[in-house]
Amino acid sequence: MLGTGIIKGLIETGRNFAGSYYKAERLTTVQYPEEKLPPEENARTIPFLVYDGEDAARGLRCTACTICEQECPPQCITIVKDPVKKPDYLGKMQLHPKVFDIDISVCMECGICVEVCPFDSIKMDQVFELATQERFNNLLLHKAQLSKPNTYFQKIHPTQAAEIDAQRAEDQRKAAAKAKADAEAKARAAAAAVAQGQCLVGRK
Amino acid sequence: MTAPDVMERIEPVPSAEPLEKPIQPRWTLSRPKKPAATHDFLEVSMGPHHPSTHGVFRMDVVLDGETVVKLKPVFGYLHRNHEKIAENTSYLGSIPYTDRLDYICSMTNNWAYVLSVEKLAGLAVPERAEYIRIIAGELTRLFNHTCLAGFLLQDMGALGTPMMYAFREREKILDLFESLTGARMMCNYLRFGGCRCDLPPGWIERAQRVVQDYGPFLDEFEALLTGNEILHARTKKVGVLPAALAVNAGVTGPMLRASGVNYDIRKVDKYGLYERFPFRVPLGAHGDVFDRYMMRILEARESLGILRQALSEIPAGPVIDPKAKLRNLRPKAGEAYGRIEAPKGELGFYLISDGGPRPYRYRVRPPSLINLTILEDMCVGHTIADAVVILGSVDIVLGEVDR
């Protein structure tokens, strides 16, 4: 009979309408500015720089190697190296960025900078309310705005942060053991040299 | 010497009824002259900001009363130099740009691109990664097809309801993608020789739940729409595309299969691990808009079967070939064409390498653009309101048409 299809469809709409009053899966609207869904753990928006400890200037992991600058597809990263070297977490002398800018109006949030970074220093943030009224000033983020502590990274990406922290602790332990072994070897060599010197002295 | 006729080069597809229309697409023929002017025609420029044109797309329509006499699709408003940009970035840097081609189905775009780079560089893909690709690709097909049905109904005037129901279900799949890749639409997930990261814990169970709920949703969606008399009246015998014309115009995907041609690259090429998955290829009988709508629903149902099998069989193991390099990939000089069955049709990437870190030539074969060229042949003789519905059934995304 003509019209049965329409009536069947209307019954379906009615079921959805009635269901939306008591079934959670039919009521999917979230009243956005008042309530917000928690982001997934892997969610990514714009990049930020991680630093260890309390002081952003001292603990910044970035070594200004410029790999992210080269690999960034829309080329939104600008790095200027600081010629003064500072020791990193393993005690090695490393360069640091004097300028590290990300133009987030250009950034396309792909996460390639994170993948290619060999120092685990650039990571993806989860902030998403980035609209500003300023056309230029607030969209070019500088080093000070980009630097965020490791505790923040641990909060937003717990699994990934735990892996990286374990790896870094292991590296530090190895570096300390190596430094200790080196120091011992040096001391032994010095002692041996002294002993040999004494022998030589004795022979004279 | 003149070029051989199109019909001589392409074998005609056997068709049940003799065709009355010319089989060549109109744009390959010399333009038909305007009919003798017994009365005035009205030329309407529909778009580029018309809500029914799915983006910035314009149709120059010549109307006789309400009937379409001539139609010229005009595109290029969203052109953003995708191919040239890709020739100036590394192989890795192009992957996020491919997300933005067909911005509804970013996973399949990634897949077609990495497939052609893998052919070029000779990389193998671990089994687990192939399964993840199939799962991601079929989830994409699932929501693309239901959303298309929603958009099509929106074009017909069914404002809101079907599209919102489709979007409600799509949201669940986008949540899965966000949990897996970090982004809902611009996934940037596949890499040469595998995938970027492994599945997060509990993801498979979540995906299984979504797939389990999708079958009942499709039943509900069909109860809402398929029997509807208004849908039948608006779509049956509208925009008929004969099989021979579809083949000659290079149409692929659900549009070609709706015309009754059995051509699915998942079956023809057997790329990935698709030969392990028994699935049927639905075929249409008439090639009208209704067949194209049904094709989407039936393909979504077949995708559910593939997903169920893939999610239960997925093996453990690495997700990326350890030999694959992320940075500084320099494939040997040569060329490769990788193609997949994207939800909209055959999506191919043609790459030429000169041994450098960037492709020498990069070319996309977008299904939307090539399916769109046949629009005039389907629209002439129908009313202007039908032209909107026919355009909706082609399933275009302007990001891919214009690149």
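This report describes parts of a predicted model with chains A and B.

**Core.** The largest nonpolar core holds 132 residues. Those with the most contacts inside this core are L49(A), I135(B), A246(B), L375(B) and I390(B). Helix 5 of chain B, residues 127–156, contributes the most to the core, with 15 residues. Leaving aside residues up to four places away in sequence, A246(B) touches L241(B), V251(B), M255(B), L256(B), S259(B) and V261(B). In soluble globular proteins, nonpolar side chains tend to be buried together.

**Sheet.** In chain B, 3 strands form an open sheet in the order 1-2-3, with antiparallel pairing. Strand 1 (42–46) and strand 3 (67–74) of chain B are the edge strands, and each pairs on one side only. On average, neighbouring strands of this sheet are turned by 20° against each other, direction ignored. Strand 2 of chain B, residues 58–64, pairs with strand 3 of chain B over 7 bridges in the antiparallel sense. D60(B) stands opposite K72(B), which belongs to strand 3 of chain B.

**Helix 4 of chain B.** This helix covers residues 106–121, 16 residues in total. From its first C-alpha to its last, helix 4 of chain B reaches 22 Å, close to the 22 Å expected at 1.5 Å a residue. Of its 16 residues, 15 are buried, so helix 4 of chain B is largely enclosed by the rest of the structure. Just after this helix, G122(B) takes a positive phi of about 70°.

**Contact between the chains.** Chain B supplies 28 residues to the contact, and chain A supplies 23 residues. On the side of chain B that touches chain A, helix 3 (95–99), helix 6 (161–181), helix 7 (203–225) and helix 8 (229–235) of chain B each supply at least two residues. Helix 6 of chain B gives the most to this side, with 7 residues. By class, the side of chain B that touches chain A has 12 nonpolar, 10 polar and 6 charged residues.

Notes: Residues are numbered from 1 along each chain as its sequence is written. Chains are lettered from A and ligands numbered from 1 in the order in which they are written. This is a predicted model: local features need pLDDT of at least 70, side-chain atom pairs count only at pLDDT 80 or more; totals for chains, interfaces and linings use all residues. A nonpolar core is a set of buried Ala, Val, Leu, Ile, Met, Phe, Trp, Tyr and Cys residues joined through C-beta atoms within 7 Å. A residue is buried if 20 or more other C-beta atoms lie within 10 Å of its own, exposed if 12 or fewer, and partly exposed in between; C-beta atoms are placed from the backbone. Helices (H or I, at least four residues) and strands (E, at least two) are DSSP runs, numbered from the N terminus. Two residues are in contact if their C-beta atoms, placed from the backbone, lie within 7 Å. Two strands pair if DSSP finds at least two bridges between them. Axes are lines fitted to C-alpha atoms, for helices over the stretch in contact, and angles run from 0 to 180 degrees between N-to-C directions. The expected span of a helix is 1.5 Å times one less than its number of residues. Ala, Val, Leu, Ile, Met, Phe, Trp, Tyr, Cys and Pro count as nonpolar, Asp, Glu, Lys and Arg as charged, and the others, Gly among them, as polar.
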